[in-house]
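Grab your viewer and follow along.

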Amino acid sequence: MPALPYKNPDLSVEERVEDLLSRLSVEEKAGQLTQYFYTGDGEPVPEDFDIESLPPEHRIHVELPALIEAAIRKGRAGSLLFLRDPALSNRMQRYAVEESRLGIPLLFGFDVVHGWRTIFPVPIALAATWSESSVEAVQAAAAREARAAGVHWTFAPMIDIARDPRWGRIVEGAGEDPVLGAAMAAAQVRGFQGDLGAHSILAGPKHFVGYGAARGGRDYDDAEVSENELWNVHIPPFRAAIEAGAANVMSAYMDLNGVPASANRTLLTGILRDQLGFEGFVVSDANAVRSLAVQHFAEDQTDAAIRALGAGLDMEMCMLEPAFDNIPQAVADGRISESALDDAVRRVLGAKIRLGLFESPYAQEEHTASVLAAPEHRELAKTVAEESIVLLKNDDLALPLDSSALGQIAVIGQLADSRREVLGPWVFDHDTNETVTIVDALRAALGDARVGYEAGAGIPERIHPSMFDVLDTTVERTPPDYDDDAAIDRAIALAEAADVAIVVVGQRQNQIGEKSSTSTLDLPGRQLEQLQRIHATGTKVVVVVVSGRPLDLRWADENVPAIVQAWYPGTRAGEAIASVLTGATSPAGRLPFTWPRHVGQVPLIYAHNRTFIPEEQNARYFEESNAPLYPFGHGLSFSSFKYSSLRIERPVIARGESTTVSVDITNIGDRDADEVAQLYIHQRYGTSTRPVRELKGFNRICLAAGESRRIEFTLGPDQLQYWSAVTSSHIQDVTTFDIGIGGDSTAPFTASVEVTS
């Protein structure tokens, strides 16, 4: 018997979708738009279990797997979230493919944020590499491992611009800048998706849009974002992700300018589809449709489903009792048109067909172990971790450590001997036995006998555990009877007897991320006190910071000769950090955010507009400097670089034309090293005021000692236009632009480009 048209791979995607759509009942259509949380807990349920046999008010008391598996068999589920065992995924898929009426395969989603089994640096650290090729390679490796484990789709990259470091999810993004953010967004989409083959997964950039602007940096809080900031800051990374081919976009939880983002037609249809040209499907964040009633936006769950679907949201992610269960009745009542329902279903079915699920619905379990163990992925993790590390301070050439001149080395800090904390948040299938700790790597590099270790000051637990702590069985905790005083005393004694003390400070991995916003940037617990006491011994001190946000390092910056920002580097964390400390690698990571002196300055960004009193630009609180501790783009090297001969190919161009800006960079040091050249512009006058400087291009290059190279950047309409509230559109002014190229956002302006009409 010939295959039904929707199962025929020789037909176009559109033909297959339309054939299948014509065969679906309204209930099955609503099912395709439903994604359930499913971790696989519980036993298989009988095939004859009737999902309709229980009244709605009792369903929540039924064992969740039973309810979901019954829904799958009835064609009432389109996707599952949080399955990580390919055997279990295949069992669920068999229910859908072999037991449901039309055999539509499930789409398995998971938060593959910075690795699956191989854990790479957290996304904010990936952004610190300023290397699109490295970031693309990382997510391609993560996609291969996830697909081998049965995952088809990731809820990543998170590309929200974050300008308030109190916001916990700053760790998941690329920081404060829209140009760097757009480059990182596109690179991750290319890495995850590739050509949508057997080794790739659907990318799902999130959260559309403005989630990173949550009021006060408080997670899930509402956001009030001007049109100017929306278009010039928050939308560019989404535009880049869409242009890179993103197949999915996730809507945001919060209210944006008074309307919940998951039912905001202006956002999901007017901007995302009509203006940005997105053709994929939109999924809600967890329970965001049901939450429309909690937000006092929807009257009830039926109204929530109607308004979300009507706004342009295609799939509901939920734990139980989806609001979209109410769609069939709403269609019958004439409150939702079936054509609107069909549009959403088309987009979901199209994604499944393009992913090849109808032809290859099952994970190849026999290949999973070998893919997850790929040694090249572990080597990539080490290389990229090295690329991400930022040398914040290095007075008197305190680093690299001269192992030949050192006797005893003290390594101090709970994070230095942790296998879990250095992986960072948002990892779920990791193997902590593979983690290389900082102290183990230093012992391997410097010799066991020379490296002593003390945990020292305890790092307090987070106050409000989240579901991620429950999902992750490897979360580390300080024992309740931990004696801080005694531990700190032992650390001081060890440091006093050493030639150098490497003090590892920072935050636990679950003190940042979702539900981990904070009101302070202080080092948790007594870490600062411990650092001060170690410094008082007279032993040379090097500070290594493990964090995903800037912390208050004022005292360290004033008193310690060397500070290294290591982030959460992943599986090969210790080796990467030891490589930098010992000089095997010259650090070249650069900050993707402005590092404030303390929490009272935030939000503090480099691309601010000029105040009307220029001389007060860096003293707007008047009682102290408003300058950051470290500027955006900052990062030191074990070598030195000289910028010279900046040239503009055409200093005068007409509006709509382009010119080339070039500069010579010379490695004037005595060792090979990477440099990140950054191009900044400033528009002197125009239709709207513009920031004092804006990043418009960057290039990470490796230069041998003594080598000189000329690099080029293009300046044209894409770089020079902006969205103006005056015209409510993107415009390019007739004006003059100041141009500067250097190693961070303080690069001086040394040339200009004039744009004429």
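## One turn of helix 15

Arg 346 and Asp 343 sit three residues apart in helix 15, so about one helical turn separates them. Their side chains meet in a salt bridge, at 3.0 Å from N to O. Keep in mind that this is a predicted model. An α-helix has 3.6 residues a turn, so residues three or four places apart point the same way.

## A bridge across the sequence

Helix 15 also takes part in a link to another helix. Glu 14 and Arg 354 form a salt bridge, with 3.6 Å between the closest N and O atoms. Glu 14 belongs to helix 1 (residues 13-23) and Arg 354 to helix 15 (residues 338-354), so this pair ties together parts 340 residues apart in sequence. Arg 354 is partly exposed, at 45% relative accessibility.

## A buried charged network

Arg 508 and Glu 421 form a salt bridge whose closest N and O atoms are 2.9 Å apart. Arg 508 comes from the loop between strand 13 and helix 21 (527-536), while Glu 421 comes from the loop between strand 11 (409-412) and helix 18, so the bridge ties together parts 87 residues apart in sequence.

Both ends are buried: Arg 508 has 3% relative accessibility, and Glu 421 has a relative accessible area of 2%. Salt bridges with shared partners join Glu 421, Glu 461, Arg 477 and Arg 508 into one network. Searching the whole structure turns up 44 salt bridges.

What order do the strands of the open five-stranded sheet take? It runs 4-3-2-1-9, with parallel pairing. Strand 4 (153-154) and strand 9 (316-318) are at the edges with a single partner strand each, so one side of each has no neighbour in the sheet.

Further in, strand 2 (residues 79-81) pairs with strand 3 (residues 107-110) in the parallel sense, over three bridges. Leu 81 stands opposite Gly 109 of strand 3.

## Helix 23, mostly covered

Helix 23 (residues 573-581) has eight of its nine residues buried. Among them are Ile 577, Val 580 and Leu 581. The packing partners of its buried residues are helix 17 (375-388), helix 18 (438-446), strand 13 (500-506), strand 14 (540-546) and strand 15 (562-565). After the helix comes Gly 583, with a positive phi near 90°.

## Domains and their contact

Zooming out, the chain is divided into domain 1 (5-110 + 199-359), domain 2 (375-593) and domain 3 (641-755). A UniProt record, an unreviewed entry, places "domain: Fibronectin type III-like" at residues 675-745. That stretch is 6% helix and 58% strand, and its end C-alpha atoms are 14 Å apart.

The centres of domain 1 and domain 3, taken over C-alpha atoms, are 42 Å apart. Five residues from domain 1 and four residues from domain 3 make up the contact. About 410 Å² is buried between the two, with carbon and sulfur atoms giving 56% of that area. On the domain 1 side, Asn 228, Trp 231 and Asn 232 lose the most area to domain 3, together 79% of what that side buries. How many salt bridges cross the interface of domain 1 and domain 3? The rule finds zero.

Notes:
Residues are numbered from 1 along each chain as its sequence is written. This is a predicted model: local features need pLDDT of at least 70, side-chain atom pairs count only at pLDDT 80 or more; totals for chains, interfaces and linings use all residues. Side-chain values use heavy atoms; hydrogens and water are left out. Two strands pair if DSSP finds at least two bridges between them. Helices (H or I, at least four residues) and strands (E, at least two) are DSSP runs, numbered from the N terminus. Buried means under 20% relative accessible area, exposed over 50%, partly exposed in between (1.4 Å probe, protein chains only). Contact means heavy atoms within 4.5 Å. UniProt positions are given in the numbering used here, feature names are shortened, and annotations may be inferred rather than shown by experiment. Domain bounds come from an automatic or database domain assignment. Buried area is the accessible area (1.4 Å probe) that two parts lose on being put together, summed over both. A salt bridge is a side-chain nitrogen of Lys or Arg within 4 Å of a carboxyl oxygen of Asp or Glu.
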